[in-house]
Amino acid sequence: SHFRNASLFGKEYKEDHMTNLTPRIINNLGNHKHRIPNHPIEIIKNEIYKYFDQSSTSFAKFEELSPIVTVEQNFDSVLIPKEHVSRDKKDNYYINEELLLRAHTSAHQVELLRKGESSFLCCGDVYRRDTMDRSHYPIFHQMEGPRKLFIRGSEKVENDLKRTLEGLVKHLFGENVEYRWMDEYFPFTHPSFEIEVFYEGDWLEILGCGIMEHRVLVNGKAEDKIGWAFGLGLERLAMRLFDIKDIRLFWKSEVVQEQFQNFTGDFRQFKFVLPERKIEPAKFDLAFWVPEGFHEHDFYDIARNIDVEDAIENVELIDVFTHPKTGKTSHCYRTFYRGALKGLQFKDVEHIDSAIRAALQEQGAGLR
Ligand code: PHE
């Protein structure tokens, strides 16, 4: 049901029990935004480069590494335990049991360390199965950097991390930004932190970081070194900085071009104008008995695969219930249809809803 002998970048891959890549994702593979001039993702990427370029250490930039990585790169190389939930099929796009589309740019830490790089920034498109709403899209972009490796024995690493990343936050959000450090956990750094920025009444996490675990450095043949790493999501930053309220807009090339092509000067002065959509979202409810092993994310992926024009604004799982006698579980999803740029009428989207129903039935769901 997913793909047969899929060709990804012109190469064929075998499929197996882990395969869950959809045509929608395959068709957008490598359709990354961080290399399109004046795309908001590229603007933020360049601002981050600009900030690091001011510092005394020079660093290498990698932004064209293939998003097809091994399970070993994405998880094992950065110490993610074998049974860790983040490896789950429900959250990742697997090509087969050995390969997947990278879920984070940390997948490249070890390979870059092995090349002898000790100070680098790595930017790329990453892929995750997730919920369906205005802040989630199955493809997004991350920037990652082991920023500097020190000779073991110098103790200033944590200071350097904090000073450098505080500087980055101020560079992006302005000198007066309100931010705070939070303790975090990542398998590949210790200690680990997150920076949160106060934005429109909420604390928003914007980056993860920490001192690199010694075993990652060992894997990267840099065991005589010590260093820190960070990773951040570019959409999240761009949405806050440019006031882009719907993540689907990054994929609307017409608007992006129209609104950003003349972009010059101070990026912080720039705000995106979302067109007014007069029609309220069209709502559809869909209830069905779920097939064996079905996860919420499977529904979203089926819907995304059909909704190639991104007519769906968000989906809510509004009811879950298990029948006391049959033991069968039912899910009810409420789908809201409204384009990122224009409102949609019931009649515009009815066919999408029926196609989703048909696809569910094909996968063994019993419509109610
Ligand atoms: N890879 C982490 C994520 O995707 C971010 C991170 C990178 C954290 C590097 C620490 C160091 O959430």
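## The ligand site and selected residues of the predicted model

In this predicted model, 14 residues surround the ligand, and the closest are His-104, Ser-106, Arg-128, Gln-142 and Gly-231. A residue is taken as near a molecule or strand if one of its heavy atoms lies within 4 Å of it. Local features need pLDDT of at least 70 and side-chain atom pairs count only at pLDDT 80 or more, while totals for chains, interfaces and linings use all residues. Residues are numbered from 1 along each chain as its sequence is written, and side-chain values use heavy atoms, with hydrogens and water left out.

For Ser-106, an N or O atom in the side chain is 2.8 Å from a nitrogen atom of the ligand. A nitrogen atom of the ligand also lies 3.1 Å from a polar side-chain atom of His-104. The ligand taken alone exposes 330 Å², of which the protein buries 87%. Accessible areas come from the Shrake-Rupley method with a 1.4 Å probe, and for residues only the protein chains shown count as cover. For polar contacts, the definition is a pair of N or O atoms within 3.5 Å; within protein, one must be able to donate a hydrogen and the other to accept it, and residues adjacent in sequence count only if both atoms are side-chain atoms.

Where does the ligand sit among the pockets of the protein? The space that the ligand takes is the largest pocket. A pocket is found on a 1 Å grid over the protein atoms alone, as an open set of points with protein on both sides within 12 Å along at least five of seven lines; a cavity is a set of points where a 1.4 Å probe fits but cannot get out, and lining residues have an atom within 4 Å of a point. A molecule sits in such a space if more than half of its atoms lie within 2 Å of its grid points.

Strands S7 (139-151), S10 (202-212) and S11 (225-233) are the elements that give two or more residues to the shell around the ligand. Of the elements, S11 gives the most, with three residues. Helices (H or I, at least four residues) and strands (E, at least two) are DSSP runs, numbered from the N terminus. Sorted by class, the shell has five nonpolar, seven polar and two charged residues. Here Ala, Val, Leu, Ile, Met, Phe, Trp, Tyr, Cys and Pro count as nonpolar, Asp, Glu, Lys and Arg as charged, and the others, Gly among them, as polar.

Lys-45 belongs to helix H2 (residues 40-53) and counts as buried because its relative accessibility is 4%. Buried means under 20% relative accessible area, exposed over 50%, and partly exposed in between (1.4 Å probe, protein chains only). The side chain of Lys-45 reaches the backbone oxygen of His-34 at 2.8 Å. Arg-338 is placed in the loop between strand S14 (329-337) and helix H10 (346-362), and at 13% relative accessibility Arg-338 counts as buried. The side chains of Arg-338 and Glu-313 are joined by a polar contact of 3.1 Å.

The peptide bond from His-190 to Pro-191 is cis, with omega near -5 degrees. Phe-193 is buried, since its relative accessible area is 5%. The C-alpha atoms of Phe-193 and Leu-207 are separated by 8.4 Å, with the two residues 14 residues apart along the chain.

Which residues have a positive phi without being glycine? Phe-9 is one of them, with phi of about 50 degrees, and Lys-221 is another, with phi of about 55 degrees. Phe-9 lies in the loop between strand S1 (7-8) and strand S2 (11-12), and is exposed because its relative accessible area is 51%. Lys-221 is in the loop between helix H6 (214-219) and S11, and with a relative accessible area of 60% Lys-221 is exposed.
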